[in-house]
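Here is a briefing on aromatic ring pairs. A pair of aromatic rings is described by the distance of the centres and the angle of the planes.

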Amino acid sequence: MAPPTAGDALCYHLELPKAFLADHALMYLPYSENCTYPLLAEMWYLWALALDGGVSAQMVHWAAGVLLGLATVLLATPLVGRPWGWVAGAVVVLVPGVNNQMTAPLNDVALALFTTLATAAWWRAVFGDGNRRWLVLAGLAAGGALGTKYIAMVYAAALAIAYLGIAWPNRLRRRQLAPAAAIVTVVAVSIGGFWYVRAAWFRGNPVYPFLNEVFAAGDAGQTGAKETLPASKSPLGRKPSGALVAPWLLTMHPERFGGRGHQLGVVFLAAVPGLLIARRLRGLGALLTVAAAYGLLWYLLRQNVRFLLPAAPLL
């Protein structure tokens with residue numbers, strides 16, 4: 001309930017909605033690299049600023065954390081039952097990186113909310129009743145994730161890898177693979193694609209300021225243009241040995257990966273004995289595959305611990 005003080009919140013999560021309100025338009029700011037990011041969460045904050053102020057915007061992200069816990073209950077219940085599903089939801093809300101972010105108008109918890117809902121719907125489509133309405137819901141949630149943060153594309157890739165691994169050995173599921181992927185993709189792009197079209201229109205690059213070395217139309221001299229995979233964003237390096245020690249270092253030294261305020265606590269190390277003692281559960285392997293694929297892509301791209309919040313509900 002205190003006034004917002006988080007650096008990124010004051011830099012752009014609240015500054016951009018304030019500027020949009022003052023101009024009465026979703027205008028383009030050429031000297032702000034953030035103004036063409038996906039800004040769905042910031043649009044929520046715009047409403048909060050219009051109705052009250054910065055504290056209300058902060059409460060919006062707090063509510064997203066509560067909803068993330070409930071989304072985890074939805075994800076866990078088909079596997080472990082409702083009582084243990086509530087335990088899983090409570091554990092996610094108690095993750096330090098989650099409840100710290102709930103006190104500031106940022107967007108990582110909002111992203112984790114959407115990815116968890118998309119995964120829960122996808123799981124029901126694959127292992128539940130098979131009704132395609134779940135794929136539509138997965139697409140809606142995935143579209144929300146795409147509209148919230150670029151890292152959603154990495155999570156989408158991890159989900160696609162897991163689905164391909166599940167469907168390919170089974171002939172029936174293999175035939176359903178393309179239609180299912182088309183449903184989720186069309187719905188997701190319809191919902192979240194606007195922000196990427198906007199970035200491409202103004203910057204010549206749908207994921208500006210990243211991949212400017214790929215998109216020739218992107219002006220590498222623009223404010224904010226940067227190397228996509230700088231060594232400074234990979235403190236573990238990108239060798240197999242670094243991946244092996246990553247869970248321990250992320251747990252014990254999160255300040256090396258973006259700050260202690262975003263740490264995941266014990267979820268990584270707790271997952272290890274959890275895997276050893278858990279009985280075999282239908283569909284658990286799929287969730288672990290998504291988490292492993294996402295973790296691997298995270299390791300190969302940008303090693304910031306807050307980008308791992310979408311994996312917390314899976315673990």
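This is a predicted model: local features need pLDDT of at least 70, side-chain atom pairs count only at pLDDT 80 or more; totals for chains, interfaces and linings use all residues.

Residues are numbered from 1 along each chain as its sequence is written, and side-chain values use heavy atoms, with hydrogens and water left out. The structure holds 10 aromatic pairs. Rings of Phe, Tyr and Trp (its six-membered ring) pair if their centres lie within 6.5 Å; planes under 30 degrees apart count as stacked, over 60 as edge-to-face and the rest as tilted.

**Tyr12 and Tyr37**
- The ring centres of Tyr12 and Tyr37 are 5.8 Å apart and the planes stand at 85°, so this pair is edge-to-face.
- Tyr12 lies in helix H1 (residues 7-13), and Tyr37 in the loop between helix H2 (15-23) and helix H3 (40-51), so the pair ties together parts 25 residues apart in sequence.
- Helices (H or I, at least four residues) are DSSP runs, numbered from the N terminus.
- Tyr12 is buried at 9% relative accessible area.
- Tyr37 is buried at 11%.
- Buried means under 20% relative accessible area, exposed over 50%, partly exposed in between (1.4 Å probe, protein chains only).

**Cluster**
- Ring pairs join Tyr12, Tyr37, Tyr150, Tyr196 and Phe210 into a cluster.

**Charge over a ring**
- Arg124 lies over the face of Trp134, 5.7 Å from the ring centre.
- The criterion is NZ of Lys or CZ of Arg within 6 Å of the ring centre and within 35 degrees of the ring normal.

Technical notes
Helices (H or I, at least four residues) and strands (E, at least two) are DSSP runs, numbered from the N terminus.
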